[in-house]
Protein chains: 2
Amino acid sequence: MTVTINDIRTAARRLAPVVRRTPLLNDEFVDQALGARLFVKAECLQRYGAFKIRGAYNKIASLTPEARAPGVLAFSSGNHAVATAAAARMFGVPAVIVMPSDAPAAKRAQAEALGGEVVPYDRATEDREAICAAIAQARGLALVKPFDDADVIAGQGTVGLEIVEDLAVQGLKPDLVLACASGGGLAAGVAVAVKDAAPDALAFPVEPEGHDDLARSLAAGERLGNAPGIRSIADALLVDKPGVIPLAVASSLWARGLVVSDEEILDAMAQAFLRFRIIVEPGGAVALAAVLSGKIDVRGKVVAVVASGGNVDPAMFARALARLA
Amino acid sequence: MTVTINDIRTAARRLAPVVRRTPLLNDEFVDQALGARLFVKAECLQRYGAFKIRGAYNKIASLTPEARAPGVLAFSSGNHAVATAAAARMFGVPAVIVMPSDAPAAKRAQAEALGGEVVPYDRATEDREAICAAIAQARGLALVKPFDDADVIAGQGTVGLEIVEDLAVQGLKPDLVLACASGGGLAAGVAVAVKDAAPDALAFPVEPEGHDDLARSLAAGERLGNAPGIRSIADALLVDKPGVIPLAVASSLWARGLVVSDEEILDAMAQAFLRFRIIVEPGGAVALAAVLSGKIDVRGKVVAVVASGGNVDPAMFARALARLA
């Protein structure tokens, strides 16, 4: 199983009419301080506030009309839920979203406003996999996985393609590229796109402390999981273990995994506000956090980081702002 | 004295290599709630965080090389100060920025980091006009006014040109366009650009309560000032009276002036965070505030608002966020 640059180019053609080409932001004061050229891909400004629409839409586009017609199913409590509902509606097919019953009310309302049928389940007592399988089979729905799918990865990879293209307009190539990782779909797709254009570039997935399954898996050469329990404010990045397909696609492309703390994430959110004037959710800020907290040496380099989403609770954002007082 | 669409097109060509083409954002949930199609021109994502670089750069570009060589002078404590310093540096000429001694330290530091020479003066005891005139004459500097200048207005008008162009790509023309006004340079330039492309469109300058000099001037048919004293959180919009040239250019183009309260501004900043995921300073939020608070009937219309700047103190932004709790 692999994802090629051509898969990403195909995805880019499909996505052009439906996604925003988000800006690649820089700030000369930040560059002076870092001694580097830092570019922030502001996917927090993407439709529905996250990169997820790219993968969900590309997946549904890649289905045959027959496979697509009965509709799609996703399990998610967050950005992928909203993205799948939105993408299904663009194709005029039903979407069933299996969500934990304690999912944020706003996300559930958004998925429903987009025409999604939300099926709640109890995290404590019910088996999500079994629920999804039963619904999918009974209704002939195609599963839109959040990351463990080549078409989803190709869709997310268009973020990397746009980074490379927008740098090329400025006569630049990336030396270092960082993207957040939960299952690893975005980071894998971005690595494919970037390494195609700049084979010497180093690509890094970035995770929050306590959910560094991908970093440890890359170091160990085998797929490792996290201890159970949520330990990070980066609620978008809390998976059990890396995706099988992202690992297959990108483990040879990634330099290594980087890990940041909650404090570093909050600082990055605050700097994103101050310097780039963007709203980044905790999970979306880990790549910037890795650079600003000095996890890698960026001096003299052209560095691109993905700010992958901007769906953040006002109270959490206020917590980040308080660090600037 | 006038500003034509050709002046704005000339400015657009000059500006293309140096400014960001900021995104025109929309959100279908907002549109559903309003019964309209609302587009937000996110100039808060412009370089240096505000539209001001457009006018300052176009002004300096329009000077003869001889007039430009000794350098430029601006008086400002805010976004125009930073923009003028930045634009002067792009041309490799000196910039002197006359700033009140109680100006925000961050703005002074930014102007200096951009190579500007900051000359402080005491608001209470010194005459700014006299200081500027003396420095300009002694050193042969060209004055870059914040709004009362046709080349500055043409530069700001490129915001309107981009709105019109980006709507046209979607097969749309604006029915209503709103932009903030202090002296009126941005609102005048935007009106020229929009009325050229869509003569039936209505263009509105928007001001904060207590600084509604332009709205009252338009209603009265004569140039009126505000009572002295600061009465709004929109610190970027606190002038004594409208600019002479903005009025000459656009008084026949504007429908009428709209006025919003501090509370409406804070609500708009909060909604901009929640719905568009952008950071808008109080002065930059007045146009959105006018729409969201129902100052005009938008139902069934294509509406464009300029979010003109994003340089906001974290404490002030937190105050807006607190309204979402």
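**Close-up views of a predicted two-chain model**

**View 1. Strand E5 of chain B holds the bridge partner of B:Pro100.** The partner of B:Pro100 in E5(B) is B:Tyr121. Helix H5 of chain B (residues 79–91) packs on the sheet and touches strand E3 (72–75) and E4 of chain B; contact requires C-beta atoms, placed from the backbone, within 7 Å. The direction of H5 makes about 170° with that of E4(B), where axes are lines fitted to C-alpha atoms, for helices over the stretch in contact, and angles run from 0 to 180 degrees between N-to-C directions. This is a predicted model, in which local features need pLDDT of at least 70, side-chain atom pairs count only at pLDDT 80 or more, and totals for chains, interfaces and linings use all residues. Residues are numbered from 1 along each chain as its sequence is written, while chains are lettered from A and ligands numbered from 1 in the order in which they are written.

**View 2. An open sheet of 4 strands in chain B has the order E5-E4-E3-E6.** The pairing is parallel, and strands E5 (117–121) and E6 (142–143) are the edges, each pairing on one side only. Strand E4 (residues 95–100) is joined to E5(B) by 5 bridges. Strands are DSSP runs of E with at least two residues, helices runs of H or I with at least four, both numbered from the N terminus; two strands pair if DSSP finds at least two bridges between them.

**View 3. Strand E8 of chain B (residues 202–208) is mostly covered.** Of its 7 residues, 7 are buried, meaning that 20 or more other C-beta atoms, placed from the backbone, lie within 10 Å of the residue's own. B:Leu202, B:Phe204, B:Val206 and B:Pro208 point one way from E8(B), and B:Ala203, B:Pro205 and B:Glu207 the other. In a regular strand, side chains alternate between the two faces of the sheet.

**View 4. E8(B) pairs in the parallel sense with strand E7 and with strand E9.** E7 (residues 176–180) and E8 share 5 bridges, with B:Val177 opposite B:Ala203. E8 and E9 (residues 258–260) share 3 bridges, and B:Pro208 stands opposite B:Val260.

**View 5. Chain A superposes on chain B by a rotation of 180° with 0.0 Å of shift along its axis (RMSD 0.0 Å).** That is the relation of a two-fold axis; superposition is by least squares on C-alpha atoms of residues with pLDDT of at least 70 in both copies. The copies meet through the same surface, because 100% of the interface residues of chain A are also interface residues in chain B.

Key
Contact = placed C-beta atoms within 7 Å. Buried ≥ 20, exposed ≤ 12 C-beta atoms within 10 Å, placed from the backbone.
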